[in-house]
Amino acid sequence: MARPIQKLHSVYSTVHIIKRIRLGGVYHIQKWLFHLEKRSTSFKAFLTLPITLIPPVMAATALTSTELQKVIDESEALYEKKDFPGCYDLLVAHENSNDANILWRLARAATEKGKMGEGDERKKYIYEAWGYISKALELDNTNFACHKWYGILLDYTAEYEGTKQRISNAFKVKEHFMKAIELNPKDATTLHCLGYWCFLFADMPWYQRKVASVIFASPPTSTYDEALEYFIKAEEAEPDFYNQNKVLLGKTYMRLKDKETAKKYLLKALEHEDKTTDDTKARKEATDLLKELGIKV
């Protein structure tokens, strides 16, 4: 009786595997194959499936427009709650989607999940996100969010490739931010990103300027006033959307020697409730900058 029971278990396990694959796509295939290597009976049963049966099972099932919108709505709700791992887990099941609105959100979720970690863990998710956003932009180059996150991730990936590469990417990064603003002039995050781009080049130390002058005949430049304009517009478009924007407002006013206005924004930043890794970093930077201004907090 042992063999028939074992065979029945193998068939049951194989059916269960197929159901999981249908639900989860490639991400779950990888997890299940790893799991199955430790359960040789089920694994062998799966491998003996007729080749004509496997492709339809493994093919991604296209979502209806209603199902697609449901996934998007659920992901937005999770993102607003700052549940980045939950948002990522929901969307990664649709990583083979050909819908740009799914893919840029998956890129965003992977980025935020990566930022929750450090070192190789962060790097892994940043490059994974880069793959998603590259495909999303290919699918829809009229989508402002695709351009925004392409610019963000082009810069994030360059952080791992050195100062020279980051400077080399600078014009292209700005180009995608400008395109995003053209498509959606009131998006606070893109306005912030442009402000940060301007601040970086206004604040660039002399040795990095030398690198930039080697790469470009006319290297990227900007001013603190230009950065300030974008940070203010971002705050006006969506007040309190991102605490780092307030910190950079304070930091920019410090560079412009307006200490009172700088203090105002930095103290406001400390009133913000920390919910993300970026919030925690913003609080620390605001505290350090206030100390530079001689203010105890």
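Let's start with helices H9 and H11. How do they run relative to each other? This is a predicted model, and in it the two axes cross at roughly 160°. Anything over 145 degrees counts as roughly antiparallel, so H9 and H11 are roughly antiparallel to each other. Their axes come within 8 Å. H9 covers residues 144–159, and H11 covers residues 170–183. The crossing of H9 past H11 is left-handed.

Now the residues that touch. From H9 we have Phe144, His147, Lys148, Tyr150, Gly151, Ile152, Leu154 and Asp155. They meet Lys172, Val173, His176, Phe177, Lys179, Ala180 and Leu183 of H11. Sort the residues of this contact by class, and you get eight nonpolar, three polar and four charged.

Stay on one of those residues, Asp155. Asp155 sits in helix H9. Is Asp155 buried or exposed? Its relative accessibility is 13%. The cut-off for buried is under 20%, so Asp155 counts as buried. What does Asp155 touch, once residues up to four places away in sequence are set aside? Arg166 and Val173.

Next, a second pair: H16 and H17. H16 is residues 259–270, and H17 is residues 277–292. They pack at about 140°, and their axes are 9 Å apart. That angle makes H16 oblique to H17. Here too the crossing is left-handed, with H16 passing H17. On the H16 side, the contact uses Lys263, Leu266, Leu267, Ala269 and Leu270. On the H17 side, look for Arg283, Ala286, Thr287, Leu289 and Leu290. By class, that contact holds seven nonpolar residues, one polar and two charged.

H12 spans residues 188–202, and H15 spans residues 243–255. The packing angle is about 35°, and the axes lie 11 Å apart. H12 also passes H15 in a left-handed crossing. H12 brings His192, Tyr196 and Phe199 to the contact. H15 brings Gln244, Asn245, Leu248, Lys251, Thr252 and Arg255. The class count for this contact is three nonpolar, four polar and two charged.

On to the loops. Find Asp240, in the loop between helix H14, 224–237, and H15. As background, most residues other than glycine have a negative phi. Asp240 has a relative accessibility of 48%, so the residue counts as partly exposed.

Lys82 gives us another case. Its phi is near 65°, again a positive value in a residue other than glycine. Lys82 lies in the loop between helix H5, 65–80, and helix H6, 84–92. With a relative accessible area of 32%, Lys82 is partly exposed.

Asp83 lies in the loop between H5 and H6 too. Asp83 is partly exposed, at 32% relative accessibility. Asp83 and Lys113 are 30 residues apart along the chain, and their C-alpha atoms are separated by 9.1 Å.

One more residue: Thr111, in helix H7, residues 100–115. What is the relative accessibility of Thr111? It is 0%, so Thr111 counts as buried. Which residues does Thr111 contact, leaving aside neighbours within four places in sequence? Ile126, Ala129, Trp149, Leu153 and Tyr156. Thr111 and Trp130 are 19 residues apart in sequence, and 8.7 Å apart in space, C-alpha to C-alpha.

Last, zoom out to the whole chain. How many helices and strands does the chain have? There are 17 helices and zero strands. The chain has 297 residues, and 44% of them count as buried.

Technical notes. Residues numbered from 1 in each chain as written. Predicted model: local features only at pLDDT ≥ 70, side-chain atom pairs only at ≥ 80, totals over all residues. Heavy atoms only, no water. Axes fitted to C-alpha atoms, helices over the stretch in contact; angles between N-to-C directions. Helix = DSSP H or I, 4+ residues; strand = E, 2+ residues; numbered from the N terminus. Parallel < 35°, antiparallel > 145°, perpendicular 65-115°, else oblique. Left-handed = near helix turned anticlockwise from the far one by under 90°. Contact = heavy atoms within 4.5 Å. Nonpolar A, V, L, I, M, F, W, Y, C, P; charged D, E, K, R; others polar. Buried < 20%, exposed > 50% of the residue type's maximum accessible area, 1.4 Å probe, protein only.
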